Amino acid sequence: MSTPTIVTFAEGAVDGDGVVTRIEQGSHGTVVVVDATPFHPVDHTWPDQPGDSGTITSGGRVLPVAEAVMAAASAEGAFAVGGDIPVKRGAEGWTWLVGHRIDAEVPDGLAEGTRVRLSVDETRRAGLSRGHTACHLASLALDLAVSDLWRKDPGTDALGNPDFEGRANQSSRIHENGAVDEYRLGKSLRRAGFDTETFAATLADREEQINSRLAAWVASGAASFIRTEGPTIVDRRRWHCDLPEGHAAILCGGTHVDSLTEFSAIVVEFDLSDPQLLVMTTTATPAV
Ligand SMILES: [Zn+2]
C-alpha cells in the first residue's frame with residue numbers, strides 16, 4: 001500500500017521536488033501521483049476551490065498539469081480519482097493522494113521512482129487564494145448583516161454571530177479574485193426562524209452593510225493564515241483571520257492570502273431574482 005501524499009500548499013509553497021509513486025490512466029485521463037507536492041487539489045466532496053494548475057518537469061521535459069485532483073488507493077488495490085472516490089474524505093482503509101492530471105502523453109522515462117520538479121502556476125494560485133479569503137470574509141460579513149433577522153438561535157459562526165452561512169449556504173464556487181455563493185431561502189430556513197420577508201424588503205441596505213464592513217476589514221490589514229493538524233492532504237486545516245471583531249477560525253481545505261493588505265477592495269453583489277435563492281457574487285480587487 002502506498003503512503004499518503006505530503007502537501008506543502010498550506011505554508012504557501014508553489015514549488016517543490018517529489019518522487020513519482022504511480023502513474024494511472026483511466027476515464028479521468030492520465031494522473032501522476034507523487035510523494036510530496038505543492039499543488040492544491042480540488043476537494044472531491046466540497047469542490048469550492050478549483051485545483052492548482054502548473055507543470056511537472058522531468059529530465060528537461062515540461063509536462064502541463066491541467067488540474068490537481070484528490071485521488072485515493074484502497075488496501076485492495078482500487079484507485080479512484082475525484083468524484084469517483086467511493087468513500088468519504090479520510091476514510092479508513094484508503095491511502096489519500098494528490099493526483100496531477102496531465103493533458104499530454106507521458107514521456108518515456110517518467111515512471112514510478114522518477115524524481116520530478118513540481119511548479120504551480122503562481123498567478124492563478126494567488127488569484128484563487130484571494131478569491132477564497134474574500135469568500136470567507138463576505139460570508140462572515142453577511143452573517144453580521146442579517147443577524148437581527150433571526151427569531152430562533154441558528155447556532156453561531158466563527159465570529160460568534162448567528163450562522164446564516166451554515167444554515168443556508170448550498171454551494172460555493174471560488175475563482176480567481178472572487179466567488180459565487182448560493183443560499184437557499186426556502187421553507188426550512190423560515191422554519192428555522194429566519195425572516196426572509198424583511199430580508200427581501202431590505203436587500204439593498206444589507207448589501208451596503210456588508211460592503212462597508214468588508215471595506216473596514218480590508219483597511220485593517222488583518223493577518224490571514226492556515227493551520228494544519230498534519231502534513232497529508234486529509235489532515236484537518238483551518239483558515240484563521242484576526243479581524244477587528246475578533247479572531248475567526250474556519251475549517252477549510254483551501255489556500256488563502258497572508259494578509260488582508262493583499263486586497264485593495266472586496267465587494268459583494270446580491271441577486272434575488274429567484275426569491276427562494278440568494279446569489280451573492282464576491283469580487284476582490286488585488287492591491288497594486
Ligand atoms: Zn474555505
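Trainee: Where is the place of Asn177?
Mentor: Before we start, note that this is a predicted model, in which local features need pLDDT of at least 70 and side-chain atom pairs count only at pLDDT 80 or more, while totals for chains, interfaces and linings use all residues. Residues are numbered from 1 along each chain as its sequence is written, and side-chain values use heavy atoms, with hydrogens and water left out. Helices (H or I, at least four residues) and strands (E, at least two) are DSSP runs, numbered from the N terminus. Asn177 sits in the loop between strand S10 (169-175) and strand S11 (178-184). Its phi is near 60 degrees, a positive value in a residue other than glycine.

Trainee: Which residues coordinate the zinc ion?
Mentor: Look for donors, meaning N, O and S atoms within 2.8 Å of the metal (3.2 Å for Na, K and Ca); water is not among the atoms, so sites may look incomplete. Here the zinc ion is coordinated by NE2 of His132, NE2 of His136 and SG of Cys252, at 2.1 to 2.3 Å. Along the sequence, the donor residues follow the spacing H-x3-H-x115-C.

Trainee: Which parts does the pair of His136 and Cys252 tie together?
Mentor: His136 lies in helix H1 (residues 122-145) and Cys252 in the loop between strand S14 (246-251) and strand S15 (263-274), so the pair links parts that are 116 residues apart in sequence.

Trainee: Is His136 buried or exposed?
Mentor: Buried means under 20% relative accessible area, exposed over 50%, and partly exposed in between (1.4 Å probe, protein chains only). His136 is buried, at a relative accessible area of 11%, and Cys252 is buried too, at 10%.

Trainee: What about Val65 and Ile23, buried or partly exposed?
Mentor: Val65, found in strand S6 (residues 61-74), is buried with a relative accessible area of 4%. Ile23, in strand S2 (residues 15-26), is partly exposed at 27%.

Trainee: Where is Lys187 found, and is Lys187 buried or exposed?
Mentor: Lys187 is found in helix H3 (residues 187-191), and its 60% relative accessibility makes Lys187 exposed.
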